[in-house]
Amino acid sequence: MKLIVNGEAQDIAAETLLELLALMEYEGDWLATAVNGELVHREDRFGRSLKDNDRIEILSPMQGG
């Protein structure tokens, strides 16, 4: 399936947001995720289905100063 992840088109075989995060090796409770501009809370990632041409944003916090 074609997905736009952080502004980059990719072909990824993931049916849910949680599967996408696992395939892309994103881990942690501190991730912020959005699908088509809608925030997806951590507890909702398992049930959040993805479809062709969805726009996914994945953000992780940075430490430092």
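**Strands, loops and a charged pair**

Me: In β2, which residue is the bridge partner of Lys2?

Reply: The partner of Lys2 in β2 is Asp11. Strand names here follow DSSP runs, with helices (H or I) needing at least four residues and strands (E) at least two, numbered from the N terminus. This is a predicted model, in which local features need a pLDDT of at least 70 and side-chain atom pairs count only at 80 or more, while totals for chains, interfaces and linings use all residues. Residues are numbered from 1 along each chain as its sequence is written, and side-chain values use heavy atoms, with hydrogens and water left out.

Me: OK, and how many bridges join β1 to β2, and in which sense do they run?

Reply: Strand β1, residues 2–5, is joined to β2 by four bridges, and the two run antiparallel; strands are said to pair if DSSP finds at least two bridges between them. On its pairing with β5 (residues 55–59), β1 runs in the parallel sense over two bridges, and there Val5 stands opposite Ile56.

Me: What order do the strands of the sheet have?

Reply: The sheet is open and has five strands in the order β2-β1-β5-β3-β4, with mixed pairing. Its edge strands are β2 and β4 (38–40), each of which pairs on one side only. From one strand to the next the twist averages 30 degrees, where axes are lines fitted to C-alpha atoms (for helices, over the stretch in contact) and angles between N-to-C directions run from 0 to 180 degrees.

Me: Back to the hairpin: which residue takes a positive phi there?

Reply: That is Asn6, with a phi near 50 degrees, in the hairpin of β1 and β2, which has two residues between the strands. Most residues other than glycine have a negative phi. Asn6 counts as partly exposed because its relative accessibility is 34%, the classes being buried under 20% relative accessible area, exposed over 50% and partly exposed in between, with a 1.4 Å probe and protein chains only.

Me: And what about Gly7, is it buried or exposed?

Reply: Gly7, in the loop between β1 and β2, is exposed, because its relative accessible area is 59%. Its C-alpha atom is separated by 7.7 Å from that of Glu57, which is 50 residues away along the chain.

Me: Changing topic, how many salt bridges does the structure hold?

Reply: There is one, in which the side chains of Asp54 and Lys51 meet at 3.8 Å, N to O. The term covers a side-chain nitrogen of Lys or Arg within 4 Å of a carboxyl oxygen of Asp or Glu. Asp54 is buried, because its relative accessibility is 2%, whereas Lys51 is exposed, because its value is 53%.

Me: Which side chain does Asp54 join in a polar contact?

Reply: The side chain of Asp54 makes a 2.9 Å polar contact with that of Asn36. A polar contact is a pair of N or O atoms within 3.5 Å; within protein, one must be able to donate a hydrogen and the other to accept it, and residues adjacent in sequence count only if both atoms are side-chain atoms. A polar atom of the Asp54 side chain also lies 2.9 Å from the backbone nitrogen of Lys51. Asp54 sits in the loop between β4 and β5, and beyond neighbours within four places in sequence, the residues in contact with Asp54 (heavy atoms within 4.5 Å) include Lys2, Leu3, Ile4 and Arg48.

Me: Where is Asn36 found, then?

Reply: Asn36 is in the loop between β3 (32–35) and β4, with a positive phi near 55 degrees. Asn36 is partly exposed, because its relative accessible area is 41%.

Me: Lastly, what pLDDT does the protein average?

Reply: The average is 91, and 94% of the residues score at least 70, pLDDT being the predictor's confidence in each residue, from 0 to 100. Among the elements, β1 has the highest mean (97) and α1 the lowest (94).
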